[in-house]
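Please look over the sequence and the model first.

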Amino acid sequence: MDPVTALRRIAFLLERSQAATYRVKAFRTAAEVVDAMGPGEAAERVSAGTLERVSGIGPRTAQVIREAQADEVPGYLERLEDEAAAEPAPGTGQELLSRLRGDCHLHSDWSDGGSPIEEMGRTAAELGHEWAVLTDHSPRLTVAKGLSPERLREQLAVVERLNEEWAPFRLLTGIECDILPDGSLDQEPELLERLDVVVVSVHSKLRMDPAPMTRRLEAAVRHPQANVLGHCTGRLLSERGRPESRFDADRVFAACAKAGTAVEINCRPERLDPPRRLLRKAVEAGTLFAIDTDAHAPGQLDWQINGCARAEECGVPAERVVTTWPVERLLEWAG
């Protein structure tokens, strides 16, 4: 087994299981270091016992490299693969998962993601995606390094260059755009028009009273450039948790259906948003849906089964899931 492949696979599995960031970073850093070595250097250092003298390689990553160089499956990787295989498979979702072609919501280290655009795109392609949408945050979310108009323009040029190298896989341009308290969107209109897909989400004043929150969401999903309503209740199921935002779901989902704005089925384990009762309401309202990972690291791109299982359980018709569509149909809808 190639050491770089082994180190990256370990990082992927750690991200998938939401392991501590420092553990993931250790393996990704070691992979980059080995990848940058000259031909035969890793093998020479294994023979000489000098791997751990290299900056970025520690005892555990060095052991993985030694075992891979010996044409063995590293023991640490084998344990992680066994743990992943032992996870209880969701009772539903596999059929819908097999129909997915892309993901409308992922982040890079340009905002609050942990990996470069190249790593996110490469992993999406390796998972079998035909396309994925890069949706880093908008300017006012400063805690997440939201992209100013200038930085977003720079990112568009980077994505254009990468797509020249990645065909037939395509990385689409996008943004996770903050819905401001008055329902307006946090980015220059001219830039929103240039993007392939716009996800709109609430990240502030989540405990706003139901009536103004309803008006806020209605205004956002009716915006001509809005394509997907992200994690609509804003809830968090983690240890500290966060309650759902309160709004008139019937009105908001009716507005989504009329405007053609998809309701996101967010696959992050700590979100799983919307809750089942609201997901069923959206089905009844006739909305479109986007099954998205909201991935902030490459391994998290493998979370779509979470959303597929909930979608099948709640009767979401596959033909109304935009992430099952080929890129041409997606762009025609989003445009």
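## A buried serine

The model is predicted. In it, S245 has a relative accessibility of 5%. Buried means under 20%, so S245 counts as buried.

S245 sits in a loop, with β4 (228-229) on one side and α11 (249-259) on the other. A polar atom of the S245 side chain lies 2.7 Å from the backbone oxygen of L206. L206 is also among the contacts of S245 once neighbours within four places in sequence are set aside.

## A buried proline

P3 belongs to helix α1. Its relative accessible area is 6%. That is under the 20% limit, so P3 is buried too.

Leaving out residues up to four places away in sequence, P3 touches V34, I65, A68 and Q69. P3 and T61 are 58 residues apart along the chain. Their C-alpha atoms are separated by 9.5 Å.

## Packing of α1 and α5

Helix α1 spans residues 3-16, and helix α5 spans residues 75-86. The two pack at an angle of about 35°. Their axes are 10 Å apart. The crossing is left-handed.

Which residues form this contact? From α1 come A6, R9, I10, L13, L14 and R16. From α5 come Y76, L77, L80, E81 and A84. By class, eight residues of the contact are nonpolar and three are charged. None is polar.

Definitions and conventions. Residues are numbered from 1 along each chain as its sequence is written. This is a predicted model: local features need pLDDT of at least 70, side-chain atom pairs count only at pLDDT 80 or more; totals for chains, interfaces and linings use all residues. Side-chain values use heavy atoms; hydrogens and water are left out. Axes are lines fitted to C-alpha atoms, for helices over the stretch in contact, and angles run from 0 to 180 degrees between N-to-C directions. Helices (H or I, at least four residues) and strands (E, at least two) are DSSP runs, numbered from the N terminus. A crossing is left-handed if the near helix is turned anticlockwise from the far one by less than a right angle, and right-handed if clockwise. Contact means heavy atoms within 4.5 Å. Ala, Val, Leu, Ile, Met, Phe, Trp, Tyr, Cys and Pro count as nonpolar, Asp, Glu, Lys and Arg as charged, and the others, Gly among them, as polar. Buried means under 20% relative accessible area, exposed over 50%, partly exposed in between (1.4 Å probe, protein chains only). A polar contact is a pair of N or O atoms within 3.5 Å; within protein, one must be able to donate a hydrogen and the other to accept it, and residues adjacent in sequence count only if both atoms are side-chain atoms.
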